[in-house]
Amino acid sequence: MTDAITRPGRCTLCEAMCALRVTMSGDQVLDIRGDEDDPLSAGHVCPKAIALADLQDDPDRLRSPLRRTADGWRDISWEEAFDLVAGELARIRRRHGADAVAIYLGNPVTHSLGAMTHAPAFASLLGTRNRFSASSVDQLPHQVVARLLYGNQWLLPVPDIDRTSYFLVFGANPAVSNGSLMTAPGMGRRIRALLARGGRMVLFDPRRTETARLGGEHHFVRPGTDAALILGMVRAILDEGPTRPAAYVDGLDEVRDVLEPFTPDRVEAVTGVEPGTVRRVAGEFAAAPAAACYGRMGVSTQRFGTLCQWGIQLLNIVTGNLDRPGGTMFTRPAVDPVRTRQIDPGHQGRWRSRVRGLPEFGGELPVAALAEEIRTPGTGQVRGLVTVAGNPVLSTPAGPALDEALAGLDFMVSVDFYVNETTRHADVILPPTGPLERDHYDLVFHLLAVRNTARYVPAVLPKPPGARHDWEILRELGRRYGRLARPGAWRSAVMLRMRPERVVDLGLRTGPYHLSLARLRRLPQGADLGELRPCLPRRLQTPRRRVRAAPSVLLAAAANAVPELLRPPEPGTLLLIGRRHLRSNNSWMHNSGRLMKGTPRHHLLMNPDDMAARGLGEGDLVSVRSRAGALTVEASASDDVMPGTVSLPHGYGHNLPGVRLSLARQVRGSSVNALTDPACLDQVSGTAVLNGVPVTVERFR
């Protein structure tokens, strides 16, 4: 078309920060493809980025505020919506106290510049201790360990994948996730390059994943036992070497003592790993010229997730691979709130949840406690809820129980552009602009990238008349709520009153490269700031800038875990794990026709031997039960799944009454969080246990 123009863009659906070239005609998206000139993504793009066009044009996406009435949803003006929401939240605070209002921030908050700058600030203005987010069903063990070892929850070392010679992976599928807490677009290409240069990749996972199928060596490990396996490898290296810890590392003698029970033979018996594998792989990792150990969701969201992440850090530390080219390294981002100490380094246990006494971390309580905080009467009972870009009914433990609890709230408001399984309970929904309609700079994922870059991307499309950005919604809510309930707090809420681009500009100017927003705007492909470089011990934020390898809380946790971790498995038990798909994005991209087409991906995967033992055939409808609940779903046989393991992806189950997602409602599948138990948490971080859940499977009757 003669009037078509192409503009730079950024996919904000996952952590990969893929740069885009978006071709437009007026407000119609004609084509989306990867930007080959981007120094980080180098043209990589996955199906989700292409589906941004579906999201933009989705007729189910809300464009104006909705109010729920006895007769159904009704469009209302922004003025009416802001006054109603601010008034109701202030009323609940006056009658029941600050903690009677809770807030939940969903995963997409970290993928929006405006939400990142304004949602935490709005939560602070509320003044409630009932703050929740997706972190406690995701990456919280990483943050807990980073705070304890390195002094800041955001000092998260990432594998230097492009220079490593040995990549050791536990419970992660980076070929599909493009990293995750390791921003590495085109991860498949990077792994193939590793293997082509003679490097090794070794994976331990209950499922032979898409990453494993790229090459390398894969070993099954029984779900929930990864901590024993990882700590057993640490012990093997400490016993047999070679060890090369840096001079600024403390506590390895204490580590050696607490790991005494984790002998390789004992670990292999519990984990199901082949005899001899622990010593061999540990020795290879320790002897490699440059090695990086990495673990993600599969090891974070299990009973001993924090011990898993501690063990992964120890493997890198004791072998001298921490802060080493080709090992695991820290970024030097252009906007560096860790360096300037403008970000909370983390704290734990300053307060606890009202019902169960669960400790906060970084100012947030485990989301597994949200339903009980709503249902349980008494002082501090949650009566009002704010959700921002979240769908906890599908994404958090015991979703059906939370679904029931939300119906009993006095008032709920959601900042979201869909009526989904959670927001259908809201009294008011405030829809923000879409990803292509807002400027973007990644405040979080530059902290986690495998290369230092900086890129500011102006909105591809203009903001539609009458629309509001997420930060504008939160700022206006904060202004009206603050004047009604906390006038002093509103006057001091500097971040809420600033525009996101001003926050970025200040961060760039005070950052290590002394850039500015004006300069970045003149660089359409952004600034390539170079490969990762050694920075320890000066970047540490611990006393005396030492790595604390043996925090007392982790030593105690490891000692207390021995009876459970090293207990022989019960014969015949089935253990549930999750599964990630390239053409899915948690719970909220199932309304895209181009992503949902093709072979169904919602099935329960089972090992053929386990299906045969239960008399099940391909595609049979089965009943899956756990201590927490039950669901029905079709079963499929797969040799990629370890015997005794079943795998079900999360984010499905869209057929609840009132959900206004016309395509997603046609997608079959059940919510795996009908099976997860909010009472079963990681012993240190409070992260929900989503992997290693005991279940039974039988033909549905």
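Which residue in β5 is the bridge partner of Leu-66? The partner is Asp-75, and the pair is shown in one of the close-up views of this predicted model.

**Figure 1. Overview of the protein chain.** The predicted model has 24 helices and 28 strands in the protein chain. Taken along the principal axes, the C-alpha atoms fill a box of roughly 70 × 65 × 55 Å. The radius of gyration of the chain is 24 Å, which agrees with the value near 27 Å that a compact globule of 701 residues would have.

**Figure 2. The open sheet of 7 strands.** The strand order is β5-β4-β19-β18-β17-β6-β7, and the pairing is mixed. At the edges stand β5 (72-75) and β7 (131-133), each of which pairs on one side only. From one strand to the next the twist averages 20°.

Figure 3. Strand β4 comprises residues 66-69 and pairs with β5 in the antiparallel sense over 4 bridges. A hairpin through 2 residues joins β4 to β5. With strand β19 (residues 428-430), β4 forms another antiparallel pairing, over 2 bridges. Leu-66 takes part in both pairings: its bridge partner in β5 is Asp-75, and in β19 it stands opposite Ile-429. In a regular strand the side chains alternate between the two faces of the sheet.

**Figure 4. Strands β6 and β7 with helix α4.** Strand β6 (residues 101-105) pairs with β7 in the parallel sense over 3 bridges. Within this pairing, Tyr-104 stands opposite Phe-132 of β7. Helix α4 (residues 113-126) lies across β6, β7 and β17 (384-388). The direction of α4 is at about 165° to that of β6.

**Figure 5. Packing of helix α5 against helix α13.** Two packed helices are described by the angle between their axes and the distance between the axes. For α5 (residues 140-150) and α13 (residues 305-318) the angle is about 50° and the axes are 8 Å apart. The two helices are therefore oblique to each other. Their crossing is right-handed. On the α5 side the contact is made by Pro-141, His-142, Val-144, Val-145, Leu-149 and Tyr-150. On the α13 side it is made by Gly-305, Thr-306, Gln-309, Trp-310, Gln-313 and Ile-317. By class, these residues divide into 7 nonpolar, 5 polar and no charged.

**Figure 6. Packing of helix α13 against helix α22.** Helix α22 spans residues 552-565 and packs against α13 at an angle of about 115°, with the axes 10 Å apart. The crossing is left-handed. From α13, the residues in contact are Thr-306, Leu-307 and Trp-310. They meet Leu-554, Leu-555, Ala-557, Ala-558, Ala-561 and Leu-565 of α22. The contact has 8 nonpolar residues, 1 polar residue and no charged residues. Thr-306 and Trp-310 of α13 also belong to the contact with α5.

**Figure 7. The barrel of 6 strands.** The strands close into a barrel in the order β23-β27-β24-β26-β25-β28, with mixed pairing. Direction ignored, neighbouring strands are turned by 45° against each other on average. Strand β23 (residues 574-577) and strand β28 (residues 693-699) pair in the antiparallel sense over 3 bridges.

Figure 8. The peptide bond from Gly-241 to Pro-242 is cis, and its omega is near -5°. Pro-242 is placed in the loop between α8 (226-240) and β12 (249-250). Another cis peptide bond runs from Leu-536 to Pro-537, with omega near 10°. The loop that holds Pro-537 lies between β21 (527-531) and β22 (547-548). Asn-178, a residue other than glycine, has a positive phi, near 55°. Its place is in the loop between α6 (174-177) and α7 (187-196).

Conventions: Residues are numbered from 1 along each chain as its sequence is written. This is a predicted model: local features need pLDDT of at least 70, side-chain atom pairs count only at pLDDT 80 or more; totals for chains, interfaces and linings use all residues. Side-chain values use heavy atoms; hydrogens and water are left out. Two strands pair if DSSP finds at least two bridges between them. Axes are lines fitted to C-alpha atoms, for helices over the stretch in contact, and angles run from 0 to 180 degrees between N-to-C directions. Contact means heavy atoms within 4.5 Å. Angles under 35 degrees count as roughly parallel, over 145 as roughly antiparallel, 65 to 115 as roughly perpendicular and the rest as oblique. A crossing is left-handed if the near helix is turned anticlockwise from the far one by less than a right angle, and right-handed if clockwise. Ala, Val, Leu, Ile, Met, Phe, Trp, Tyr, Cys and Pro count as nonpolar, Asp, Glu, Lys and Arg as charged, and the others, Gly among them, as polar. The radius of gyration is taken over C-alpha atoms; the globule rule is 2.2 Å times the number of residues to the power 0.38.
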